[in-house]
Each structure stands twice: as structure tokens, then as C-alpha cells.
Amino acid sequence: MPRTEVDLLPTQLRFIRSTERESLYSGAFGAGKTRAVCLKLVSRVAGRPEAREGLCRKHLVSLKATTLRTLLEP
């Protein structure tokens, strides 16, 4: 599997490395929340074809406009 290097903020790195069953990442606009959540999701399912993860937002428009774009575009 190809590897990509990504620069992360310390708070993003702590969130991604967290092994808690549930974790919360909050912050102001532009704090990197969407990017951190997408990276954590990808890291959890990588190499595990049986894995299932949920990704949701309050409004479908927000999910499509930001979260899915961040997840699917390099």
C-alpha cells in the first residue's frame, strides 16, 4: 500500500493516535477537525476489508461539501 506523508498539528496527532473507544475533537473554524477525522477513519480501515466505520454530520449538505471532499480528494 502506498504511503503518504502528512503534516499534522499536535492536537490532530493526539486525536488520530487515541485508542479510546470514543473520542471528541472540537475546535474553531479551520482547526483541522475534518482532516483529522478523515485521516483517523482511513487509518482504522486500511488493510481491513471487513472493517465498517460511520461518518456523519448534522446536515447532508455539509457532509457532501466538506467531509466527503476531504476524505476522497488527495
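Start with Q12, which touches Y25, A31, G32, R35 and A36, leaving out residues up to four places away in sequence; a contact here means heavy atoms within 4.5 Å. Before going further, a word on what you're looking at: this is a predicted model, where local features need pLDDT of at least 70, side-chain atom pairs count only at pLDDT 80 or more, and totals for chains, interfaces and linings use all residues. Residues are numbered from 1 along each chain as its sequence is written, and side-chain values use heavy atoms, with hydrogens and water left out.

Back to Q12, which sits in helix α1, residues 10-17. Helices are DSSP runs of H or I with at least four residues, strands are runs of E with at least two, and both are numbered from the N terminus. Is Q12 buried or exposed? Q12 counts as buried because its relative accessible area is 2%; the cut-offs are under 20% for buried, over 50% for exposed and partly exposed in between, using a 1.4 Å probe and protein chains only.

Now hop to helix α2, residues 33-45, where you'll find T34. With 25% relative accessibility, T34 is partly exposed. Where does T34 make its contacts? Leaving aside residues up to four places away in sequence, T34 touches R57, T66, T67 and T70. Take T67: this residue is 33 residues from T34 along the chain, yet their C-alpha atoms are separated by 6.0 Å.

K40 is in helix α2 as well. This lysine is buried, at 9% relative accessibility. Beyond residues up to four places away in sequence, K40 touches F15, I16, S18 and S23. Its C-alpha is 9.4 Å from that of L13, 27 residues away in sequence. As for the K40 side chain, one of its polar atoms lies 3.0 Å from the backbone oxygen of S18.

S18 itself belongs to the loop between α1 and α2. Apart from neighbours within four places in sequence, S18 is in contact with S23 and K40.

Zoom out and the whole protein has 3 helices and 0 strands, running α-α-α from the N terminus on. The C-alpha trace spans about 30 × 25 × 25 Å along its principal axes. Buried residues make up 16% of the 74 in the protein. Among contacts between residues at least 6 apart in sequence, 33% join residues at least 24 apart.

Finally, the charges: the mean positions of the 14 positive and 7 negative ones are 5 Å apart. Lys and Arg count as positive, Asp and Glu as negative, while His and the chain ends are not counted; each charge is placed at NZ of Lys, CZ of Arg, CG of Asp or CD of Glu.

How values were computed. Polar contact = N/O pair within 3.5 Å; in protein donor to acceptor, adjacent residues only side chain to side chain.
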